[in-house]
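Subject: Structure for your review

Dear colleague,

Please find the structure below, followed by a summary of what was found in it.

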Amino acid sequence: MINTIIACDSTDVTLGDFFLACATHAKSIFDKIPIMVLEIHSQHLNEINIGLKVSSLNHQNFIFAAYSHGGEDCLVVGATDPYVSNVLNHTIFNNGFIYTFSCSSGKTLGALLVNQGAKLFIGYNKVIYVILSEVAIFVECANEGLRILAFGGSVGEALAGMTEKYNYYIDALYFKDFFTASTLMENRDALVAHTGEGVDRDLLTF
Amino acid sequence: MKSNIIIVVIDDLIDERSPLVVKLNQEYEQVSIFNNSVEGLKFIKDNLDSKTIVILDLTLSGDDDNGHIVLEKIRANSFLIPVLIWTASDEKQEPFADFINNRAFAFIKQSRPVKDILKIVNEAAISLETDVASSLEDWLMAQPQTKDKPYMVAINGKSFTVEEMLNEIRMQSLIGKEFSYKLNKLTIDLLTRNKEKLDD
Amino acid sequence: MKWNFDVSTFKLLGRELITDKITALFELVKNCYDANADQVEVIYNNVSKIDDYSKIIIKDDGIGMSLYDIRYKWMIVGTNSKREQKISPSPYFRKVVGEKGVGRFAVEKLGSKLLIKTTQKGTSRKVCLELDWSVYERMSEDIAKNTPNKNTKLFTDIENDCWIEASDFDEQGTELIIYLSTSDQVWTELDINQAVKELSKLISPLKKSEFPFLITVKSNEFEQFKSKEITNKAIGFATEKIQLTSDLTKGTQETLIFDQGQLLVKSIELQNFGPINFELNYFNQDAKRLFKSNFKGGDIDGIKIYRDGVITTPFAESESKDVRKRDILGIDKRRYSGFFDKVSSQDLLGYIEITNQENPRIKDATNRQDFLDFPEYKALKEFIIYQIEQLEKYLTYIKDEKKSQVKTQLVTAENDIIKIERLLNQISEKSSPELKDDLKIVIKGVKGLKSSVNRGVRQFTSLQKEIVRKENIFMSLMSLQDYATELAHVVRTSLGKIIHYSEFFKTDFPNPAYEELFLEYAHSIFSEMSNLDKAIDFMLSYARSENDFETFDISSLIKKLLNVSYKHIFDKENIAVQIIANDSLNITHNKKFFEDIFENLITNSVKALAQTKDKIIKCSAIIEREKFVVYFSDNGYGIPEESKGKVFDIYYTTTNNSGGAGIGLFTVKKRIEALKGNIEIIESEFYPVGTTFKIELPFNQ
């Protein structure tokens, strides 16, 4: 049973390769677990398609991982076209564990989706940066939370784990390359998670 | 050990035999003198990758731009170069506002003793060595990446090449200043997580 | 045996009297003026390049000449250039301006062939005469080549073509048609411009003129002279100019009032003598001279009354009698007030406009020498005297005005020098004998400098005390405040350098690595001191007392300097000198001041000409609009483009300037600026080599 969707804007001009790397890395995590993954890439990333695919999954817990550009209230493909937004398909994500690495969507979209029934939204509440010479580190940090969730960890553990991962690399890098270290730090500080009202994060698992 | 900061002197009445230059040469490896602003500016532009301090005569004569305009032209390239303005004329009659806006490092009367002038030059040198933005600039310039390929990209689409980042830092734009700010924040973060001690 | 002479004698006579073609033209037009002409046309046809149509025509409507006049006056060669003051025939009574006997020489200067056509009123005959100089020239050449024998024709043998044409009975006037045929008879646009300037001296600057004289210049080649009526701006030289009007409808009359340092115009109600318009021009000594040199046809001779646009009889009578002007309005009769200086009718040029209708009680007396002594006329006289008194108060006020002075910067300079002197003495005690010797010279220089500055301080202080200034200075000196600022700046610049050199001694001496440098610095200190000394000397030259002022003509001064004072240098260096200085400008100032300006320029030129083959120095001095302009040129080395802006800086030197110009041009510029003038480098007259300086001196602030 497919219960994971990976949305990836792999053909994006500036960061397509990076998103693809994230998607590939995420897939490799799920290889070790009995989870079926559906990949949706750039040309198929649109609100209708997402709506269709997600609707077929949302009668039970599912994971929706997104690697693309984003804004405060949407996830976009090609940096401009929303495929998840607060106007078109926000209602279909009930039972969803939404995990993103994109700018700002943690601010408004995240809360909205959880409000509409999603169980979890992990994302970032402002513009986040990637240093192209250290892609591997950024990918690893990006997916750490997903890894913990996939292996059965709770949301609380996933968040703690992500913070630790970021710090690990910051500490390893700052002496040689303070710029990357400070960028990682900024990303770490922009990390947010939304869960339903009254939900205990340490008990919520996938 | 002589400092390798380049001292650029733009003044039409000075040469290598002048006492100020002789004294500067005792402490700085390279002192370059230009008698007109056009050549001086070109040298500064060509040497943005090195650390420079500029001593600029306010009263360049003839058809040259006066000191105010030369300062503006230097600033069009970078705010990170200390510029010492010096003049023989009466400082009380000189318009000042643009010096502040264009961040002149100091204003010196030419008749001050050389040792005072030297002291101010050394202060400029220290600030160059310790200024965060200057350090950032240095570090960026040392990156092996090709300077015009995207280096840092925001996940909302905005991307910067190393060259572009250097420019933002030199022009001390909002983004440029943010880089310095981030750096400072990192320092504080490390300190609070006890990864670094202040006296290291 | 008869006295004979050849044409070159004729020419020689001419050369003495007429120096150039502009003077020649002027003389001919003067003759028209003396002949009571109302209008003269000066027509230039194809004068910039010689062809068959090149000619100059001078045509007037004056009284003309008869055949007798031509034969026994015009054709008689006499050099009686002196003549008593004479008046032109009635009713014009113009003061005669032309030199007697000069006309024919003037013509020879302008062209090779002359055709005169002249007629008088009351005849219907026009006398025509043709003179062809080229015939005489050829003859002269023949004589030079061959030994003269009895067949040789002489100047006096040649018959000139003469005939009669018809004219109107009432027509009068003379037409001179001068044909140009050689390249030195060409007129450039600049030449015509010069001529126009000269000719304007014959035009009255006053609005009202009994018999106005109108000159029109026409050129078929130069647009600006297509048809140019000549005007005279001499009235512009007035030191003070006042215009008072009246308004019938409002019932007001303007009057002057001196109040708190200002000369104001106030409106009061109409006076009992009726509404008048009054224009008054006041001339001080120098303005008077300027006026006279720019208007040949009249004098500054007080205030006159015009009724309905015509001069009233009492004033007209005094003019024609050419006796000492009677002081009809009583301006000069006033008792000396004792409080402020009096202005006389010789200082004023003005006119009062009245009308028959509105001022009926101003009536000419039957003896035609005065006005009837009605109360209204008395009141008018008092009114006029009152205006003059306001003017006098104002002039006195200006004379007495004190300005506040600044002195502190000079004193600071003095203190700085004392410090340096001490420092040098300390160094000298520790130095090697060789260095000590050099330093001795420096220390001596410093002492000299100290006393110069001290002198400056004292001189400055004494200037502060001076209250009365000579009224004749119309080119003002640099203000005392500027003086102090300038001096302080100069001193500070030099001192800055000296401080740095001396400091280096203090901090780094001794050090064998810098041995050469120390020697060099010692010399530099010395030369900076010398420069400083010169600069202060120059500054002090401003502060001469008024006893050193005299009245002189700048043009004459230039001529004397170039032809006499520096002649030995020019001869030694083989420099050809060209001078054009016919306009005169009298000023009252310190002569040495001006001589120094030219000394500097000449010295610079001599240096620049060192390597030139055919050396020329050229100086032109002319009056252009309201400025006296001097062009000073040489065809020497020239000034490189990038240095043109810097040559006037205080310490500009080039390696090419042997000996270093140093402070010379700086002082020239400062002197000229002190006269509110300007100096700049313009494109060289000898382009592509050489240098031309353009100096402008205004004479009305």
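Residues are numbered from 1 along each chain as its sequence is written, chains are lettered from A and ligands numbered from 1 in the order in which they are written. The model being predicted, local features need pLDDT of at least 70 and side-chain atom pairs count only at pLDDT 80 or more, whereas totals for chains, interfaces and linings use all residues.

Chain A has six helices and 10 strands; these are DSSP runs numbered from the N terminus, helices being H or I of at least four residues and strands E of at least two. Of the contacts in chain A with a separation of 6 or more, 68% join residues 24 or more positions apart. Two residues are in contact if their C-beta atoms, placed from the backbone, lie within 7 Å.

The largest nonpolar core has 81 residues. Such a core is a set of buried Ala, Val, Leu, Ile, Met, Phe, Trp, Tyr and Cys residues joined through C-beta atoms within 7 Å. The members that touch the most others are Ala7(A), Cys22(A), Phe64(A), Ala65(A), Tyr67(A), Ile98(A) and Val130(A). Helix α4 (residues 135–150) of chain A gives the most to this core, with nine residues. Leaving aside residues up to four places away in sequence, Phe64(A) touches Ile5(A), Val54(A), Phe93(A), Gly96(A) and Ile98(A). A second, separate core of 60 residues includes Val8(B), Val70(B), Leu449(C) and Val490(C).

**Where chain A meets chain B**

Here 24 residues of chain A are in contact with 18 residues of chain B. On the side of chain A, β4 (69–71), β9 (129–131) and α6 (178–190) each supply at least two residues, and α6(A) gives the most, with six residues. This side divides into 14 nonpolar, eight polar and two charged residues. Ala, Val, Leu, Ile, Met, Phe, Trp, Tyr, Cys and Pro count as nonpolar, Asp, Glu, Lys and Arg as charged, and the others, Gly among them, as polar.

**Helix packing in chain C**

Helix α2 (residues 21–34) of chain C packs against helix α6 (residues 189–199) of chain C at an angle of about 40 degrees, with the axes 9 Å apart. Axes are lines fitted to C-alpha atoms, for helices over the stretch in contact, and angles run from 0 to 180 degrees between N-to-C directions. α2(C) and α6(C) are therefore oblique to each other; angles under 35 degrees count as roughly parallel, over 145 as roughly antiparallel, 65 to 115 as roughly perpendicular and the rest as oblique. The contact is made by Ile22(C), Leu25(C), Phe26(C) and Val29(C) of α2(C) and Asp191(C), Gln194(C), Ala195(C), Glu198(C) and Leu199(C) of α6(C). These residues divide into six nonpolar, one polar and two charged.

The axes of α2(C) and helix α4 (residues 103–110) of chain C come within 8 Å and cross at roughly 140 degrees, and these two helices are therefore also oblique to each other.

Yours sincerely

How values were computed:
Buried ≥ 20, exposed ≤ 12 C-beta atoms within 10 Å, placed from the backbone.
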